[in-house]
Amino acid sequence: MSDDIVSVAPREIHDLIQRASRVKGCEASVAEKIASRITFSEVHNGGGINSWLQIAAGEFGALNETFRLSQILDSIPSENSSSFTWDPPISFALISEPLNLLQSHGFTWSCEPEVTTGESLVEHVYLIEEDSANSPTNGKLTTAFSEGVQVNKSDWKDLTDIAANFLLSEEILDDAESLLTNE
Amino acid sequence: MNLLSILDDSELSLRSPEKVMRPSVMGSARLTRFSFSRSMIRRATSNNWKATRSSIELDEYGRGRIIYRVEAEGHVFHFVAFTTTIDESQHTDRVIADAWEISAALIEGEITQDLLDFLTEEVPKQEDSRLDSRVLVLTRGNRSVRFYEYLVDHLASGSQPNPELVGDAGYIMRSTAFYGNGKFGMRSFLGFDSKHPLSAPYRAQFLAAWLFREASYDSVEYCAQIRNPEKAVAFNKEWCRFFGLGNSTGLGLVPWAMKHPEEVNAWIGIREIALANVRKLPGSAERIEILEKWIDQGYSHFSSFNGEDCWPWMGPDSLSSAILEIQNQFSLLKSDEYPFDALYLWSEHQGDEINELVVSLLLELDETSDEEIDQFLRVNSSHLPDLSLTIKDLKKKFVEKYSWLDELNLESPNAKYFWWVYSDHAEEPRRATRSILDPEHREMPIDIALRLNELRKDLNKIEDDTKISEFLKDSPQHGIAINRLVKESGPYSEPRENVCDLDHVPLNLQRFQLAMYGMDNFKAQSTDWVRVTLFQGAPRITELCSDTSDDWVWPQQPKGTNEDLEKEPV
C-alpha cells in the first residue's frame, strides 16, 4: 500500500463524517444522512471524504445548505422524465446515494457534466423512468466490507481531527460528575 | 423462513413485547443455549475445529507472547497475545486505561514475520492502533491482582488452589473490550460471507474471548513451571475448567442497544419463539429428565458459591433457594399434560428474575438447529426508504408500534435529565447531566423515545396527505425518528424506556446484552458498571472434539482436598 493511502472500514467513514458534520453545525439527523451519502460515495465512486472536506471548509452552515439542496432528489418525480439544476453546481458525493435509490425505483439517471468521482461537480441531473426497477450492483460494498476502502491519508487525518471535536474532554465530564455528587 | 414472518405468526403465542421489552425484564435475562459463548463452542465441536497453542514465550513473571492457531472449516485463524506486567496502581476496569497486562488480536490467515512485526507494533497501542482487514478482533485486559500470583505460587509449589480463597473469583484475567467489525481498520462483520465460520454475530469476538481465557490458564501454568520446574503441577481436573474470563462493562452497551433495533429483535425473537415452542410441548420422560438435570445443575452451581444479593440482582444464596423452589414446583407440575407451560405460568408470579431463570432452564428443551439460529441472527439492517409514504402512514405506525411512549412521561422535566456523550479518552460513552453541562453539538442521538415524541407532536401540525420526503425537507431533524418509525425492525426491537430519564438504570440493558453473550455472575459495581464472567466451565482447547457436550455452563466451585486446605491458613 502506498504511504499516501490508508485502509479504512466503511463504518469508520460513516462514524467520522457523522461526528464531523455535527461539529460543523448539522443536527444529528442531518449528520446521519450526510454520513450515509458520503460513505456511499466514497465506497462506490471515491472522493467522498475529499468532497466533504471541501464543503466543510466553506462558511459555517455550508454543509447544511448543500444537504438541503441535495434533498430535491429524495422524492419520486411525478413526471416520467425530469431534470434538476444546481447553480452553483453540487458535489456528486452528496447526490450519488439518492440517485442510486431512484434507480432502484425504476429511474435511469445521467449527470452533466459527466461524473467520474464523488468530487465531480454536477450542474444538471436528468431522470427517465424505465419499465422495470434496476438495482445497482453492490460488489464494491462487499469488497469494502471484506478488504476495506483505500482513502487518502491526509484527507483521513483532516477528517479525524475535525471529528475529534465531537468528543468531550474526560476532565470536564469528571468535573461535572463531581459537581453533581457534591450537590 | 424469515424471522419477521415467524414473529408475525399469531398461532405461536409469543410473550408480548409489553412484557419482554420492559427494562426490569430485560435486566433479568440469563444465559441460554442461544448465548454466543455456547453457540460458538457448539459450532467448533460440530465442525471439528482444531485449536492448538503454536508458541509460548514467557519469562517467570509471565511477560512475553503466546500464539494460538485455530483451523476451522477451511479457514486458519491465529490469536496473538502480548503480555507484560504493570503496577497495581495502573489496573482499572474502565476502557480508558493507558496500559494493559495482556493485549491481543485475532487474525485470519497464516502468521508471517511481517505480520508479527506489525501486530507487535500495533496491538499494544489498542485504540491508537491502525489495523487492517487481516485483523478481526482487538482485545486487552489485566490479571486478577488478587489471584494471579497466588495461583502461580501454588502450582509452583506442587499444590492446587484453596477454593475458599479463590473460588469466588471465577477468573484469572479480566478483559474490558473486544473490538471488531471495522474498528481501527479491522475487517467489517459484513465482510464474512454467510458460510464463513465466524459469520454469526460476535462469533469472532467469542472465539477471541475463549482463547483469551486459554491464555490466562497457560500463563499461570507456564510461569509456575519456570519458577519451580521440579515441583510445579498443572491445574487438576477440578480446576482446569472452573476459571472463566472476567469482564467488566461500562455504559457502552446502552448506545449499542439503542442503535441496533434489528439485532435486538433477532436476539430476543429467537429466544421467544423457542420459549413458545417449548411451552407447547407435552411432558415426556425424556424431556422431564432433561429439565430436571438442568435444574440440578443450576442448584449445584449456585449453592456451591456463597453470596448475598448484589443490588439490583439476586446473589448465589437467593438463586440457589429459588432453584429449590423451582425444583419443588416442577415435581408438583410434571405430571400435567403440558408441564413446561405450567412451570412457566407459575414462574410469572415469582418476580422477573425467577421468571427469566425459568425461561433459561426451559430453553434447554428447545431443538432449534444452530444453522437456523445463525441465519436468524445475521440480520440486514440496511433499509431502502419507501418514498411514497405520507404523514397519515406515519400517524398509523405511531398507533401500531409506539403507543407505549405515553407511559414514559416524556414531557416531564426529568425526561431530559441526562444526555449521552463520548469522552475524548478512548471514546468511552458517558452520561452527562443537562443542567450542568450543555450538550452543544456533542449529544449522541440515542434519545429515541424523546425524538419520537417530538415527531409525534409535529405530525399533528401537518396535512395527512403530505409526503414524508416533503416534510423532511422542512424538518430534517426528524430523520432519525422517521427512519425508526418506518423500518420494520420487529416486535422486540425497542427497549421500552427513555435512556435520558433521571430514573433510567443502565444496568438493565447491560445485563440483557451480557446474558445474550453468555456471561453470568452479574455483580453490579454501580448503576453504570457491572462485572461478569464468561466461559466458566467451558472446554479447554485440548478438550475440543466432537464429543464435547453443551452442558458445560454453571460449573460447581471446586471443593479442594483436605491436603490443599491444610496448607493454606484461611
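This is a predicted model: local features need pLDDT of at least 70, side-chain atom pairs count only at pLDDT 80 or more; totals for chains, interfaces and linings use all residues.
Chain A first. Its secondary structure comes to 8 helices and 5 strands. Read from the N terminus, the elements go β-α-α-α-α-β-α-β-β-α-β-α-α. Along the principal axes, the C-alpha atoms of chain A fill a box of roughly 65 × 40 × 30 Å. Of the 183 residues in chain A, 40% are buried. Contacts in chain A also reach well along the sequence: taking those between residues at least 6 apart, 74% join residues at least 24 apart.

E177(A) sits in helix 8 of chain A. It counts as partly exposed because it has 16 C-beta neighbours inside 10 Å. Between E177(A) and A20(A) there are 157 residues of separation along the chain, and their C-alpha atoms are 26 Å apart.

Now for where the two chains touch. On the chain A side 34 residues are in contact, and they meet 38 residues of chain B. The elements of chain A that put two or more residues into this contact are strand 1 (5-8), helix 1 (10-23), helix 2 (28-44), helix 5 (96-104), helix 6 (139-147) and helix 8 (170-182). By residue type, the chain A side splits into 16 nonpolar, 9 polar and 9 charged.

Chain B comes with a domain assignment in three parts: domain 1 (17-31 + 257-379 + 509-521), domain 2 (49-249 + 539-567) and domain 3 (391-486). Taken over C-alpha atoms, the centres of domain 1 and domain 3 of chain B are 33 Å apart.

Chain B also has an open sheet of 9 strands, in the order 1-2-3-4-5-6-7-11-10, with mixed pairing. Strand 1 (50-58) and strand 10 of chain B are at the edges with a single partner strand each, so one side of each has no neighbour in the sheet. From one strand to the next, the twist averages 25 degrees.

Strand 4 of chain B is antiparallel to strand 5 of chain B and joined to it by 6 bridges, with A105(B) partnered by L138(B) in strand 5. Strand 5 of chain B also pairs with strand 6 of chain B, again in the antiparallel sense and over 6 bridges. In that pairing, R140(B) is opposite A177(B) in strand 6 of chain B.

Strand 7 (residues 244-249) of chain B pairs with strand 11 of chain B in the antiparallel sense over 5 bridges, and N247(B) has V532(B) as its bridge partner. Strand 10 (residues 520-524) of chain B pairs with strand 11 of chain B as well, antiparallel and over 3 bridges. D520(B) is the residue opposite T533(B) here. Strands 10 and 11 of chain B make a hairpin, with 5 residues between them.

A helix goes with this sheet. Helix 8 (residues 203-227) of chain B lies across several of the strands, including strand 3 (75-83), strand 4 (102-108), strand 5 (135-143) and strand 6 (171-179), and runs at about 150 degrees to strand 6 of chain B.

Elsewhere in chain B, helix 17 (residues 448-459) packs against helix 19 (residues 479-486) at an angle of about 95 degrees, with the axes 9 Å apart. That angle makes helix 17 of chain B roughly perpendicular to helix 19 of chain B. Helix 17 of chain B brings I448(B), R451(B), L452(B) and L455(B) to the contact, and helix 19 of chain B brings I480(B), A481(B), I482(B), R484(B) and L485(B). These contact residues divide into 7 nonpolar, no polar and 2 charged.

Conventions: Residues are numbered from 1 along each chain as its sequence is written. Chains are lettered from A and ligands numbered from 1 in the order in which they are written. Axes are lines fitted to C-alpha atoms, for helices over the stretch in contact, and angles run from 0 to 180 degrees between N-to-C directions. Helices (H or I, at least four residues) and strands (E, at least two) are DSSP runs, numbered from the N terminus. Angles under 35 degrees count as roughly parallel, over 145 as roughly antiparallel, 65 to 115 as roughly perpendicular and the rest as oblique. Two residues are in contact if their C-beta atoms, placed from the backbone, lie within 7 Å. Ala, Val, Leu, Ile, Met, Phe, Trp, Tyr, Cys and Pro count as nonpolar, Asp, Glu, Lys and Arg as charged, and the others, Gly among them, as polar. Two strands pair if DSSP finds at least two bridges between them. A residue is buried if 20 or more other C-beta atoms lie within 10 Å of its own, exposed if 12 or fewer, and partly exposed in between; C-beta atoms are placed from the backbone. Domain bounds come from an automatic or database domain assignment.
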